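Subject: Structure handover

Hello,

Here is the structure for you to look over. My notes come after it.

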Amino acid sequence: MKHSDVEIAGLVEELKAAQQEAHTARAQGLLDAQPPLLRVLKVELLGQIRAVALHVQQLRHLLGEVMEKETDQPRLPASCEAGAPTMFEQVESIVTAKVRDEKIRPE
């Protein structure tokens, strides 16, 4: 978990830096004129932030479902679990089902 904590902290720092740069540019009036390149970069940055936020939200939802499923299932002795799907297989089936649902469902 320590590795993911470092990556999350890095993402938070990047988002804070992007927010600070946007505030500075707005305060200096640089966003008022909005030349074409700046508009494209701003739209791309906002789009990327939204996409990452959506992916994080989906992954958190899937993780919550897996955690809920794990806590709801009674623990069986190891001998009873032989042949049962592994945790990886369970997560893979949940993700596959969610992706399939997202492709089928119109936005």
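Below is what was found in the model.

This is a predicted model, where local features need pLDDT of at least 70, side-chain atom pairs count only at pLDDT 80 or more, and totals for chains, interfaces and linings use all residues. Numbering runs from 1 along each chain as its sequence is written, and side-chain values use heavy atoms, without hydrogens and water.

The largest pocket has a volume of about 440 Å³. A pocket here is an open set of points on a 1 Å grid over the protein atoms alone, where a 1.4 Å probe fits, with protein on both sides within 12 Å along at least five of seven lines; lining residues have an atom within 4 Å of a point. The volume is the space filled by probe spheres set on the points. The lining has 17 residues, and Ala18, Glu21, Ala22, Lys42 and Leu45 lie nearest the centre. Helices H1 (2-27) and H3 each give two or more residues to this lining. H1 gives the most, with 10 residues. (Helices are DSSP runs of H or I, at least four residues, numbered from the N terminus.)

Next, H3. Buried means under 20% relative accessible area, exposed over 50%, partly exposed in between (1.4 Å probe, protein chains only).

Last, valine 91. It sits in helix H4 (residues 87-104). Valine 91 counts as partly exposed because its relative accessibility is 30%. Its C-alpha atom is 8.2 Å from that of leucine 62, 29 residues away along the chain.

Best wishes
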